[in-house]
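Good morning. Please have the sequence and the structure open while I talk.

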Amino acid sequence: MVRAEKSARRSRSFSVNYPIMLVSETNITRTKPLCPLFGTCGGCQYQDIPYEEELSRKEITLKDLLTAQLGLSDRVFEPIVSSPEAYHYRNRLDLTLRRRNNGEWQMGFMLQGTQRLQEVAACPLARQEINDFLPALKAEAIKIFPPKYKVANLVVRVGEGGRVFWGGIGRRSLKMKEENYFFVTVRGRKIFYALDTFFQANLPILEKIVSKVESLIPWLEDTVFLDLYSGVGLFGIALADRAQEVVMIEEGADSVDLANYNIAYHGFKHIRTLVGKVEAHLPEVLKELGRKPCVAFIDPPRGGLAPSAIQTLNHAKKLGSLFYLSCSPESLARDLRALLQGGWKIRKIMPFDFFPRTRHLETLVWLERS
Ligand SMILES: C[S@@+](CC[C@H](N)C(=O)[O-])C[C@H]1O[C@@H](n2cnc3c(N)ncnc32)[C@H](O)[C@@H]1O
């Protein structure tokens with residue numbers, strides 16, 4: 001085993017350890033970071049090693065963490081799914097624009113835990129259209145920057161068509177006209193999103209994860225698909241034709257507006273949305289659905305599931321399959337332990353590299369009733 005792997009094996013947490021940073025002299029190939037800010041900006045951890053090596057370290061670290069905490073067999077782990085693009089995949093950047101006391105303008109990233117703003121001319125993780133737009137963004141933002149402001153948080157985004165929009169100065173500046181909504185095509189279906197809604201950062205990998213979910217289970221004629229923490233409805237819309245009925249639950253009203261737009265755009269009559277917390281709506285929804293077989297897809301924020309949501313999932317006997325997509329291995333491990341105690345069995349754990357060159361990792365877990 002190479003030293004890098006040993007180091008990765010020792011690490012127990014994605015947020016605490018940077019396996020790569022601990023390894024300075026090894027027999028692995030070093031690559032020249034694409035970004036002059038690598039090591040300063042803090043956004044990337046893996047630009048100086050080949051992508052294959054990064055994938056292997058992520059796979060090992062995840063396996064170590066979940067095996068140590070849950071005592072799992074190696075057989076449940078599937079190989080990591082790589083991103084189609086290792087660079088220029090992000091469809092969104094969040095930047096700070098600041099006017100200094102001496103009148104000088106700065107636009108870039110705030111360095112974590114500091115008041116320092118790192119000027120950024122381009123980010124190699126961002127889509128090229130965003131990078132090409134950054135000089136114009138700065139000029140446009142300065143032009144409308146109110147005299148009373150000192151600082152503004154800018155959001156700049158792009159979709160499949162390549163058009164770039166930005167917002168962040170003034171109330172409702174993130175609101176978009178319908179005709180400007182961004183979109184991505186998944187399973188031949190356009191999914192729209194906006195500046196003010198959550199949307200996955202890596203568009204090219206979405207087809208892979210949706211196809212995976214689709215392929216794992218037999219979809220029965222009367223299956224109800226519960227898209228929980230649904231955002232603008234990405235998974236529910238992409239898999240709409242596999243289910244007799246789709247129920248989406250999402251607490252962000254802006255995202256639910258977009259989900260309703262997506263549903264209407266495709267003319268779906270069998271999908272409904274509920275605005276609010278999963279833990280509040282799910283018990284009622286399950287009761288209403290009676291005996292219908294349900295498949296749930298849960299995609300919570302970094303903190304994971306509320307204890308009451310776990311309790312509901314554990315008691316929902318008609319839920320045959322549960323897919324848990326997580327962006328935090330730590331909260332995933334905690335929630336999986338509670339789900340295992342509640343009678344679920346892990347069938348497969350599938351890491352997906354949504355965030356190449358960074359320490360972040362997305363994990364899809366497929367559970368069934370034991
Ligand atoms: C990681 S995002 C996933 C969104 C969507 N599945 C997608 O892939 O685009 C998590 C979403 O959960 C929503 N959310 C957070 N806490 C929630 C809760 N307790 N109940 C319902 N939705 C929640 C957030 O607003 C956000 O849209």
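The residues of the shell around the ligand come as 10 nonpolar, 5 polar and 5 charged. In this count Ala, Val, Leu, Ile, Met, Phe, Trp, Tyr, Cys and Pro are nonpolar, Asp, Glu, Lys and Arg are charged, and the others, Gly among them, are polar. Before going on: this is a predicted model, where local features need pLDDT of at least 70, side-chain atom pairs count only at pLDDT 80 or more, and totals for chains, interfaces and linings use all residues. Residues are numbered from 1 along each chain as its sequence is written.

Which residues come nearest to the ligand? Of the 20 around it, they are Tyr229, Gly231, Glu251, Gly252 and Asp299. A residue is near a molecule or strand here if its C-beta atom, placed from the backbone, lies within 6 Å of it. Helix H6 (234-238), strand S9 (245-250) and helix H8 (278-288) are the elements that give two or more residues to this shell. Helices (H or I, at least four residues) and strands (E, at least two) are DSSP runs, numbered from the N terminus.

S9 takes us to a sheet. This open sheet has 7 strands in the order S10-S9-S8-S11-S12-S14-S13, and its pairing is mixed. Two strands pair if DSSP finds at least two bridges between them. At the edges are strand S10 (271-275) and strand S13 (344-352), each pairing on one side only. From one strand to the next, the twist averages 15°. Strand S8 (residues 224-228) runs parallel to S9, and 5 bridges join them. One of the residues to look for is Leu228, whose bridge partner in S9 is Ile249. H8 lies across S8, S9 and S10, at about 155° to S9. Angles run from 0 to 180 degrees between N-to-C directions, and axes are lines fitted to C-alpha atoms, for helices over the stretch in contact. Contact between two residues requires C-beta atoms, placed from the backbone, within 7 Å.

Now the other open sheet. It has 5 strands in the order S3-S2-S1-S4-S5, with antiparallel pairing. Strand S3 (117-119) and strand S5 (164-167) are at the edges with a single partner strand each, so one side of each has no neighbour in the sheet. The twist here averages 40° from one strand to the next.

Strand S1 (residues 92-99) pairs with strand S4 (residues 151-158) over 7 bridges, in the antiparallel sense. Leu93 has Val156 in S4 as its bridge partner. S1 is also joined to strand S2 (residues 105-110), antiparallel, by 4 bridges. There, Leu97 stands opposite Met107, and Arg99 has Trp105 as its bridge partner. The hairpin of S1 and S2 has 5 residues between the strands, and in it Gly103 takes a positive phi near 90°. Helix H4 (residues 128-144) lies across S1, S2, S4 and S5, at about 145° to S4.

Last, a helix pair. Helix H3 (residues 51-70) packs against helix H10 (residues 329-341) at an angle of about 35°, with the axes 10 Å apart. Leu62, Leu65, Leu66, Gln69 and Leu70 in H3 meet Pro329, Ala333, Leu336, Arg337 and Leu340 in H10. That contact divides into 8 nonpolar residues, 1 polar and 1 charged.
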